[in-house]
Amino acid sequence: MRRPVLLLVLVTFVLAGCTGGSDEPEETAATPDPQPAPTQQITLDDLGIAGWPAPDGAIPEPPARPDGVSAAEYEEMTDAVATWGLQAATDPGAVGEDLPKSLVAAIDDAADAQTEPALARATVLDPDLELRDTRMTAVWETSQDAGSVDLSLQTRTAYEVENDEGLVRVIGVLRTQGVIASDGADEWGTLTGWQEFGAADCAIVLDGFLTPGGDSDDQVTDLTQFAEIGNGDEAVTPALPEEDQVDEDFARACRAGRV
């Protein structure tokens, strides 16, 4: 399954975008609509993750303060990242509330640089789906390098959903969000990115939301990888070959196949 490219923003307002294409129109082969056509159910129980905590109780205590940042600033960093991570996973409309204005601006700029800005900012589910349950695990990471302290949180959120035909599916989303405190800098740099599992590829770039999609066996394989990551205690972001990335070239192929 294709997946959005992880986006790293290493300093505020300096962005690394998805692989993008030229603005010039080009001929593309029609891409089949990858909407779901399987008959079997895929539930949280099936994936062995129904016991994950609800999002409100999923974020662990932050790691001990590293050298190079004051206790007051580190507390501000952990509070901001935890708030941002929970908002992005559970409440798209709330992203940015109670966060520093400079951080909100960086989040917005990073999202706007993506092929799918709304989904880069937060998890947006197909409005026609019924959300049955949401479960999450999360893990913090810190690092230091040349006068800077990086703090990030990876959330691994599983959404059990049901469509209007009664088909139950799970969509998994990895999200990484973090801030970078540098000596002498007035504002934090930012770190952000996301990947989905079990979702319809074309819906991501054409509709701006996540809906289940693809062959059921492929969905199970994809979601099994997601569950393994979510059960671990390290932040893992699967590498993607270029041909599996969701970018503007892929968006054009989706438009050609669904017009």
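Colleague: Which residues of α6 are buried, and within what arc do they fall, seen down the axis?

Modeller: In this predicted model, the buried residues of α6 are Ser-216, Gln-219, Asp-222, Leu-223, Phe-226, Ala-227, Ile-229 and Gly-230. Viewed down the axis of α6, these buried residues line one face of the helix, because they fall within an arc of 160°.

Colleague: Which exposed residues does the face turned away from the buried side of α6 carry?

Modeller: Helix α6 covers residues 216-231 and reaches 22 Å from its first C-alpha to its last, close to the 22 Å expected. On the face turned away from its buried side, the exposed residues are Asp-217, Thr-221, Glu-228 and Asn-231.

Colleague: How many residues apart in sequence are the parts that the pair of Trp-52 and Phe-226 ties together?

Modeller: A search of the whole structure finds 2 aromatic pairs, and one of them joins Trp-52 to Phe-226, tilted, at 5.8 Å centre to centre with 55° between the planes. Trp-52 lies in the loop between α1 (44-47) and α2 (71-90), whereas Phe-226 lies in helix α6, so the parts tied together are apart in sequence by 174 residues.

Colleague: Is the pair of Phe-197 and Phe-226 stacked, edge-to-face or tilted?

Modeller: Phe-197 lies in strand β5 (residues 189-197) and Phe-226 in helix α6, and the ring centres of Phe-197 and Phe-226 are 5.5 Å apart. Planes under 30 degrees apart would count as stacked and those over 60 as edge-to-face. The planes of Phe-197 and Phe-226 stand at 40°, so the pair is tilted.

Colleague: Which residues form one aromatic cluster?

Modeller: Phe-197 is buried, with a relative accessible area of 0%, and Phe-226 likewise counts as buried at 0% relative accessibility. Trp-52 is buried too, and the one aromatic cluster is formed by Trp-52, Phe-197 and Phe-226.

Notes: Residues are numbered from 1 along each chain as its sequence is written. This is a predicted model: local features need pLDDT of at least 70, side-chain atom pairs count only at pLDDT 80 or more; totals for chains, interfaces and linings use all residues. Side-chain values use heavy atoms; hydrogens and water are left out. Helices (H or I, at least four residues) and strands (E, at least two) are DSSP runs, numbered from the N terminus. The expected span of a helix is 1.5 Å times one less than its number of residues. Buried means under 20% relative accessible area, exposed over 50%, partly exposed in between (1.4 Å probe, protein chains only). The arc is that of the directions from the helix axis to the C-beta atoms. Rings of Phe, Tyr and Trp (its six-membered ring) pair if their centres lie within 6.5 Å; planes under 30 degrees apart count as stacked, over 60 as edge-to-face and the rest as tilted.
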